[in-house]
Each structure stands twice: as structure tokens, then as C-alpha cells.
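Okay, thanks everyone, let's get going.

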Amino acid sequence: MANCAYSSFLAFVCSVCLFGVTKSYLSIPLKMYPGKYNVSSAVGLSVTRLVGLPPDGTGLSLASDPSGQVNFMDMVGNLQGDSGRGYYMEMLIGTPGQQLNILVDTGSSNFAVAADSHPFITRYFNTALSSSYRSDGQTVAVRYTQGNWMGELGIDLISIPNGPNGTINVNIAAILSSEGFFLPGINWQGILGLAYPMLARPDSSVEPFFNSVVKQLGIPDVFSLQMCGTGILTNNVADPPGGSLIMGGAEPTLYRGSIWYTPIVEEWYYQVEVLKLEVGNQNLDLDCREYNMDKAIVDSGTTLLRLPINVFNAVVDAITRSSLIQEFSSGFWDGTKLACWIRGDTPWRFFPKLSIYLRDTNTSESFRITILPQMYIQPITDVDGTLDCYRFGVSSSANGLVIGATVMEGFYVVFDRAQRRLGFALSNCAVNGGVALSEIDGPFSVSDVASDCSGKALKEPLLWVLSYTLMAVCAIILIILLLLLVLPCRRRGYSGEITDQSSLVRHRIK
């Protein structure tokens with residue numbers, strides 16, 4: 001792929017980079033290189049442990065089978081992938097079971113799989129080969145931040161080889177066409193939306209996957225996620241690092257320390273309340289409502305930490321002021337360029353930590369989750385074995401603050417839907433070279449922030465209602481105006497019809 005001019009250019013850059021540490025970077029056009037990750041397990045897990053169901057059913061380590069016991073250890077390591085291409089798990093769909101890899105997404109609510117061939121996928125769900133598949137004839141379309149698809153709704157049986165025991169009858173969307181959804185280099189053929197019914201398409205009557213699992217298998221309404229792709233160069237290893245999706249509770253061997261909980265503000269996305277952000281222990285001093293405009297959510301299907309535009313600009317300004325590197329290319333911050341260093345000269349010491357404060361379930365307190373630079377200055381590729389290139393793992397957003405994989409990879413995240421709360425603990429796999437890449441601290445007083453930072457923004461269904469109402473009002477007004485224009489203008493002593501055109505001309509002359 002490289003030519004002589006390109007090699008000469010890199011040689012020149014490398015020679016320049018040797019003259020000083022603070023000058024040892026360059027920018028190149030952003031390009032994602034398909035590749036696989038590899039990571040040695042940070043936790044040796046060899047003991048199988050059964051976790052019993054507490055009598056009152058309110059504990060976190062809970063049961064998923066009729067005997068009142070579940071082996072969470074069977075679910076450890078059931079995810080593959082990375083933040084750049086998504087985390088996915090194996091599922092068997094239909095009768096007989098067709099094996100597909102399904103992307104795990106806490107930012108949507110539809111379970112959808114490819115039902116036709118596509119240039120970027122190697123297999124798909126053939127509905128004709130499943131004796132248990134039933135189409136309900138409804139068309140469904142879903143649009144994401146990146147990409148969209150259309151298909152038809154149906155029902156079929158699924159099982160998860162490394163999940164809860166049992167077969168579940170679930171709503172499934174058979175994807176028949178898509179745009180920008182399946183991408184080069186991915187290894188999944190469908191998406192598992194784990195959010196609430198309010199986000200389901202075409203409407204909330206379509207029961208989401210996890211709701212069906214809880215109802216049919218009797219497991220507690222809790223799942224937890226560990227994603228282990230942080231700080232790994234994408235193109236120099238054989239296997240993806242993966243992670244774990246634990247259905248029915250939390251597995252203590254996957255995290256260390258305590259779990260800190262924040263309330264789920266609204267049950268559509270997993271919406272939380274962000275109180276403030278810090279860059280290198282310096283408060284951005286923005287109104288806390290700006291962090292939650294128009295929502296703040298936790299979404300495993302989003303790669304980066306996405307911030308409202310004002311917040312993003314404040315973060316970039318604060319990083320620029322505190323970084324040892326001056327005159328950084330704006331292309332690095334806006335995601336159009338990579339920054340490259342000579343191999344072995346890692347850039348993380350030049351950048352500050354980033355911290356997000358979340359309201360605690362004790363609403364008079366907060367706690368802080370912190371990521372080190374290794375998590376948001378992310379290795380992407382190398383160039384000719386001489387340079388390592390990195391991207392900025394934070395981006396601006398017009399749709400609210402999104403705590404995506406950039407942050408989630410540092411933590412074991414518990415989606416405790418039963419008690420309407422999200423938990424964060426330090427992930428055992430967020431370690432690089434013996435250094436922990438994430439931190440949790442608290443509790444802190446919230447006396448310096450507003451009592452309600454969420455802003456109570458209008459949600460999509462309500463916006464639809466308002467939109468249709470306004471459209472109806474506009475239609476009525478338009479009909480009245482058309483009637484006024486069409487009706488003949490009757491004048492004393494005048495007979496005959498007036499056309500629409502002459503009526504308009506006459507009124508314009510007046």
C-alpha cells in the first residue's frame with residue numbers, strides 16, 4: 001500500500017520526531033484498519049461457583065434456573081470484539097439453531113438479525129430454514145447514530161450457548177436491507193438491544209429481548225457488562241479481547257472493590273444524571289444541566305465518550321491547556337486525523353485524567369468515575385512498524401452525553417433494572433502493564449450543584465405526539481386558507497366564477 005514517496009515522508013517525520021519529545025507527533029487522515037485484538041486474561045478463573053437465590057429475591061447475585069441456582073462462571077468470557085467494531089456474543093436462532101454473532105447494545109431495544117446476504121457479513125439468518133419462525137407481517141425500521149436498517153418483524157426461538165439455560169421465544173426483526181449498519185471488518189450479523197420497551201420499534205408493544213428472558217426463564221431483572229478492549233492496538237494481535245455479559249446478576253470475580261450506584265432517571269435509554277466533569281482534577285465549572293442536555297445515557301453500542309458541543313469544547317480547551325503538547329492539530333480533536341508517535345514513545349503521560357461525577361442513589365451525595373489517558377487516547381494502528389497512531393476517544397454530540405465504550409471499558413457496569421439503578425465497579429481487565437486504567441472515588445457532597453441536573457428533557461415519544469399535533473393544526477389552517485382562496489368572491493352586480501389564479505392576482509393587486 002505504501003509507495004516510495006510515502007516511505008520518504010515517514011522517514012523524514014521520524015527523523016524530526018527524534019529531536020524532542022513534545023514534538024514527536026504527526027497527523028494523518030483518519031482511517032480505521034480492520035484487525036483483531038488480543039489480551040492476556042487479567043484474572044485467572046478456574047473455579048466454577050454456583051450462586052444461590054436469596055429468599056427475598058433482592059440480592060445482586062441471583063438465580064436463573066428452576067433449581068434456584070445459576071453458574072455465572074459459564075457466562076464469563078461470552079463476549080468477543082472490541083470498542084471499535086463492537087462487542088458481540090454467539091446465539092443460536094431458529095429450529096434447528098443457526099449460529100450468529102450478535103452485537104450487544106444497551107442503547108436500543110430491538111433484537112434484529114441479517115436475513116439476507118450482505119457484502120460485509122459472512123452468514124445470515126435464513127428464515128425459510130427455521131421451522132419455528134413466524135412472521136407477523138409488520139415492517140420495522142430503525143435508525144442509529146451510524147447506519148440504519150429495514151426489515152420485518154417475526155417471532156422465533158433462540159438459545160445462548162454461554163448464557164442462561166433454556167430456550168426463549170422472542171421478537172426478532174429480520175433485516176432485509178440496510179445502509180451503513182454492517183461495516184467492513186466486523187464479525188457480527190445482528191444486534192441485541194437491551195434497553196427498555198419505550199425505544200422498541202415500531203412501538204413499545206414489541207417486547208425487548210431481555211424482558212422476554214426475565215419473563216420466560218424467571219431470572220432477576222439484572223444484567224452486567226464487562227468489556228475488555230481498552231488500550232489494545234487493533235492490528236497487531238490475533239484474537240479479540242472480548243468480555244462478559246452476565247444475565248441475572250453480577251459476577252464478583254470480574255470486578256474489585258465496591259459497586260457504586262446511580263439512579264436510572266428515565267426508563268427508555270439507561271439515562272443517568274451527570275453532575276460535573278473534571279479534566280485533570282479541574283472542574284469545568286459548567287451549569288450541570290449542560291452535561292445532561294438533552295439526556296445523559298450509558299450505551300455499550302457507542303464507541304466513544306460523546307459530549308454535548310459546549311461540554312466537548314470545554315473539555316478540549318482544558319486538555320489543551322494542561323497537555324505538554326502545544327499546537328495540536330484540530331483534526332485530532334474532531335476525529336478526522338490520527339496522531340502518531342515513534343514506536344515505544346507512548347503519549348499518555350502528556351494528557352490528564354478525565355472524571356465524570358454521577359449522582360448517588362443517596363441523592364445528597366455523588367461519586368466520581370475516572371479514566372486515565374490510556375482509555376481516551378486510543379491506539380489504532382501502526383505505520384511500517386515505526387510509528388504507533390492514536391485517536392481521540394471523545395467526540396461532540398448533538399443528541400446528549402453518551403457514556404460509551406471509551407468509559408465503560410474501565411468499569412464493570414451493573415444494569416440493575418429491578419431497583420432502577422446502574423452500578424459501576426472497577427473492572428479487573430482495565431489494567432495495562434500492571435497499571436489500573438480507571439478509578440472510582442466518593443462519596444462527595446452535591447451541595448455545589450443544582451438539585452436536579454437532568455433537565456427533564458422531552459423524550460422522543462412525547463416529541464412525536466407534539467409534532468403530529470402541530471402538523472394537524474397546520475393542516476387545518478392550510479385547509480381554511482385554501483377554502484378562502486377557492487370560494488368565489490361574490491360581489492353585487494357581478495355574475496360568473498373566479499378562478500384560483502385570478503383570485504390570487506386580485507388580492508395581490510389590492
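When I say disulfide, I mean a pair of cysteine sulfur atoms within 2.5 Å. By that cut-off, the structure holds 3 disulfides. Keep in mind that this is a predicted model, where local features need pLDDT of at least 70, side-chain atom pairs count only at pLDDT 80 or more, and totals for chains, interfaces and linings use all residues. Residues are numbered from 1 along each chain as its sequence is written, and side-chain values use heavy atoms, leaving out hydrogens and water.

So, pair by pair. C228 bonds to C429, with the sulfurs 2.2 Å apart. The S-S torsion here is about -90°, so the C228 and C429 disulfide is left-handed.

Next, C288 and C453, at 2.0 Å from S to S. This pair links distant parts of the chain, 165 residues apart: C288 sits in helix α3 and C453 in the loop between β30 and α8. Helices (H or I, at least four residues) and strands (E, at least two) are DSSP runs, numbered from the N terminus. C288 is buried at 5% relative accessible area, and C453 is buried at 0%.

C340 is in strand β19 and C389 in strand β23, so the bond ties together parts 49 residues apart in sequence.

Counting bonded cysteines along the chain, the pattern is 1-5, 2-6, 3-4.

Key
Buried means under 20% relative accessible area, exposed over 50%, partly exposed in between (1.4 Å probe, protein chains only).
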